[in-house]
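The sequence and the structure are shown below.

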Amino acid sequence: MASQLLFVPHLSLFPKTLPFHASLFSTKHPTTTRPLHFSSNSRIRYLQAETETPTALTLRQICHGFVPEHILHRMEEIGFVFPTDIQREALPTLFTGRDCILHAQTGSGKTLTYLLLIFSLINPQRSSVQAVIVVPTRELGTQVTKVARILAAKSTDVEGKGCTVMALLDGGMLTRHKSWLKAEPPAIVVATVASLCHMLEKHIFRLDSVRVLVVDEVDFLFYSSKQVGSVRKLLTSFSSCDKRQTVFASASIPQHNHFVHDCIQQKWTKRDVVHVHVNAIMPMPLCLLHKFVVCGKENKHQILLALLESDAPESAIIFVGEQSEKSKKAGNDPSTTLLIEFLKTSYNGPLEILLLEGDMNFNSRAASLTEIRQGGGFLLVSTDIAARGIDLIETTHIFNFDLPQTVTDYLHRAGRAGRKPFSARKCIVTNLITSEERFVLQRFENELMFSCEELML
Ligand SMILES: Nc1ncnc2c1ncn2[C@@H]1O[C@H](COP(=O)(O)OP(=O)(O)OP(=O)(O)O)[C@@H](O)[C@H]1O
């Protein structure tokens, strides 16, 4: 498949009077029907060197004429003024109606990118579901719903019906949602796969009215979840809808050329789908520093404690491997429980110790994240359930108490720290490994192009 690399020239080469959405960042290619791969590695410059005055396009300028004023106003109130790389590169293309694969580092602002597209398309006066966002976990769904609702919140001086957002998530109250969907359909639905498919199968709502379908963490849903069959079915149903736009997002899309090819073959996207690939050469955010400590299984807990004392994180996530079926059958306690018990008795620092794992019931999972979001520093012990999409901006440290299974898992776990797009602050990822695991970590370093420093305690 042909792949095209777009060179984005220096801003000062172009007249400042150019209408913003028709500027050089516009990725309109009306004559091509081939997929495009736009790839960049921070080559675009924000400032015009010639005059030393800032000429960066603001988010408002990029979205002008597409996104309603009250949304832009809210966006600025929240503090989103300048675009991140993915927002600057993808939004002009998305506003042309083309399907897109948003492929950019963790914490790079993909959520706001697709939400701005959605707000540009929906009509709150229309009583139908017009946008669907599919997410892999309840936690990520709750987070995306919250951002969408914050942006959609209208001040009293804005006339007309507001835009409603429904979270249709596993563990939710589906009966209540059924009545709501029928009586007063929300404009935007954020859903986990099973809940969404249930509603579609029961004909509670239909895809016909949906203008845009977003699949977040698409590679996880395709390659690591049990729901791939349902996702494929959903995409195939959506492919027969008129005026549809499909967006996929993730920080990792393994074999992306193959994925794009599949999307076209299966008609999940239109033929001219655009693969917007930001930081293609450097998938790992540069604000992350990586370290490792070699330790034995018997002193791992103590080493972690020593690291917590010496590093004094503001907030941290400690990732622990899932318990194996064999260990469950043998009646052993999971590593998460053992670690939580150890920390509760040995850690004397100021951070609150919390647990998040898939085996917990939905209420306890929600309670853990609510406590975190209420402020104060936290030490979150978690399995990979917290590795995808979760945006806890206070996190300064990640500890891989157990190494992740795959390089992709490493990327996403590490990316739970360093989530302030324009901050110069460095965050730290520390791996506690046995000497035999050193080669696995080395492989992650090679594939993700980062280097890990050894810590001697
Ligand atoms: N333009 C912006 N200016 C400032 N902050 C932003 C901007 N866009 C997004 N953010 C913030 O950046 C953080 C990361 O954004 P987001 O959660 O969308 O990342 P992501 O690309 O989806 O990451 P992941 O791949 O890990 O899910 C969020 O806290 C968000 O509020």
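## Overall composition

Of the 457 residues in the protein chain, 52% are buried. The model is a predicted one. The chain holds 16 helices and 15 strands. Among contacts with a separation of 6 or more, 75% are between residues 24 or more positions apart.

As a general point, the strands of a sheet pair through backbone hydrogen bonds, in either a parallel or an antiparallel manner.

Within this sheet, strand 10 (residues 316–319) pairs with strand 12 (residues 378–382) in the parallel sense, over four bridges. Phe 319 has Ser 382 of strand 12 as its bridge partner.

Strand 6 (residues 212–216) is largely enclosed by the rest of the structure, because five of its five residues are buried. Val 212, Val 214 and Asp 216 point one way from strand 6, while Leu 213 and Val 215 point the other way, and all are buried.

Strand 6 pairs with strand 3 (residues 131–135), to which it runs parallel and is joined by four bridges. Here Ala 131 has Val 212 of strand 6 as its bridge partner. Strand 6 also pairs in the parallel sense with strand 7 (residues 245–250), over five bridges. In that pairing, Leu 213 stands opposite Thr 246 of strand 7.

## Helix contacts

| Helix pair | Axes come within | Crossing angle |
|---|---|---|
| Helix 2 (residues 69–78) and helix 5 (residues 138–152) | 8 Å | roughly 115 degrees |
| Helix 7 (residues 193–201) and helix 9 (residues 228–239) | 10 Å | roughly 50 degrees |

The axes of helix 2 and helix 5 cross at roughly 115 degrees. On the side of helix 2, the contact is made by His 70, Ile 71, Arg 74, Met 75 and Ile 78, and on the side of helix 5 by Ile 150, Leu 151 and Ala 152. The residues of this contact divide into six nonpolar, one polar and one charged.

Helix 7 and helix 9 cross at roughly 50 degrees, and they are therefore oblique to each other. Their crossing is left-handed. In helix 7, Val 193, Leu 196, Cys 197, Leu 200 and Glu 201 meet Ser 230, Val 231, Lys 233 and Leu 234 of helix 9. Of the residues in this contact, six are nonpolar, one is polar and two are charged.

## An enclosed helix

Helix 3 (residues 85–95) is largely enclosed by the rest of the structure, because eleven of its eleven residues are buried. The buried residues of helix 3 include Asp 85, Arg 88 and Glu 89 as well as Ile 86, Leu 91 and Phe 95. Gly 97 follows helix 3 and has a positive phi, near 100 degrees.

## Two loop positions

Gly 65 is located in the loop between helix 1 (59–63) and helix 2. Its relative accessible area is 68%, so Gly 65 is exposed. Between Gly 65 and Leu 221 there are 156 residues of sequence separation and 34 Å in space, C-alpha to C-alpha.

Is Ile 390 buried or exposed? Ile 390 belongs to the loop between strand 12 and strand 13. Its relative accessible area is 3%, so Ile 390 is buried. Ile 390 and Arg 416 are 26 residues apart in sequence, and their C-alpha atoms are 6.7 Å apart in space.

How values were computed. Residues are numbered from 1 along each chain as its sequence is written. This is a predicted model: local features need pLDDT of at least 70, side-chain atom pairs count only at pLDDT 80 or more; totals for chains, interfaces and linings use all residues. Side-chain values use heavy atoms; hydrogens and water are left out. Axes are lines fitted to C-alpha atoms, for helices over the stretch in contact, and angles run from 0 to 180 degrees between N-to-C directions. Angles under 35 degrees count as roughly parallel, over 145 as roughly antiparallel, 65 to 115 as roughly perpendicular and the rest as oblique. A crossing is left-handed if the near helix is turned anticlockwise from the far one by less than a right angle, and right-handed if clockwise. Contact means heavy atoms within 4.5 Å. Ala, Val, Leu, Ile, Met, Phe, Trp, Tyr, Cys and Pro count as nonpolar, Asp, Glu, Lys and Arg as charged, and the others, Gly among them, as polar. Two strands pair if DSSP finds at least two bridges between them. Buried means under 20% relative accessible area, exposed over 50%, partly exposed in between (1.4 Å probe, protein chains only).
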